[in-house]
Amino acid sequence: TIIFDGVPLSGFDEGDFIEVEIEGNAAQRTKGGDGPAMNVSTYQGGKITINLLPTSPALGIMYQIWNAQRLKGRMYSIAVYTGVKELITASGCAMGQLPKFSTGGEKMTNRSFPSECLAIALDSAGVETVSGGFVGGIV
């Protein structure tokens with residue numbers, strides 16, 4: 001399930017997909033004269049890209065939202081509920097430049113709608129754990 005700028009998107013076709021990239025809050029071990037240290041980067045928002053087949057019923061609404069942003073220069077929010085019960089919420093989003101695509105001929109390419117977001121949160125509380133829970137899975 002995707003809610004994009006308050007509009008529920010539906011009718012995804014087989015082959016449609018979503019990419020989520022949450023940036024920041026990543027750990028990197030460094031070596032120093034006093035021994036190893038851990039650097040954790042600050043939270044930086046991220047990017048959500050919705051890729052649709054050219055036959056997808058959701059394509060029209062995505063072009064409408066893209067055009068509204070282009071004319072009014074505003075930001076929006078996105079909510080994604082995945083098949084494994086992750087809830088991804090993003091705010092302060094705006095569409096980036098639409099990538100090049102081809103149409104006609106034997107094969108038309110997917111349409112990609114990249115959104116840069118100031119904040120992205122992942123709620124994984126609904127994801128089922130492995131037998132024995134987290135600690136039981138690693139002991």
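Modeller: Strands β7 and β8 run antiparallel and are joined by 5 bridges, and in one of these pairings alanine 79 has threonine 89 of β8 as its bridge partner. This is a predicted model, in which local features need pLDDT of at least 70 and side-chain atom pairs count only at pLDDT 80 or more, while totals for chains, interfaces and linings use all residues. Residues are numbered from 1 along each chain as its sequence is written, and side-chain values use heavy atoms, with hydrogens and water left out.

The two strands belong to an open sheet of 7 strands with antiparallel pairing, in the order β2-β1-β7-β8-β9-β6-β3, where two strands count as paired if DSSP finds at least two bridges between them. At the edges lie β2 and β3 (17–22), each of which pairs on one side only. Neighbouring strands of this sheet are turned against each other by 30 degrees on average, direction ignored, the axes being lines fitted to C-alpha atoms, with angles from 0 to 180 degrees between N-to-C directions.

Helix α1 meets this sheet, since its buried residues pack against β1 (2–4), β2 (7–9), β6 (46–52), β7 (76–81), β8 (87–95) and β9 (111–123); a contact here means heavy atoms within 4.5 Å. Helices (H or I, at least four residues) and strands (E, at least two) are DSSP runs, numbered from the N terminus.

Helix α1 covers residues 59–72, and at 1.5 Å a residue its 14 residues should span 20 Å, which agrees with the 20 Å between its end C-alpha atoms; the expected span is 1.5 Å times one less than the number of residues. In α1, Leu59, Met62, Ile65 and Gln69 are buried, which means under 20% relative accessible area, whereas exposed means over 50% and partly exposed lies in between (1.4 Å probe, protein chains only). Seen down the axis of α1, these buried residues fall within an arc of 130 degrees, so they line one face of the helix; the arc is that of the directions from the helix axis to the C-beta atoms. An α-helix has 3.6 residues a turn, so residues three or four places apart point the same way. The face of α1 turned away from the buried side carries the exposed residues Gln64, Leu71 and Lys72, and just after the helix, glycine 73 takes a positive phi of about 55 degrees.
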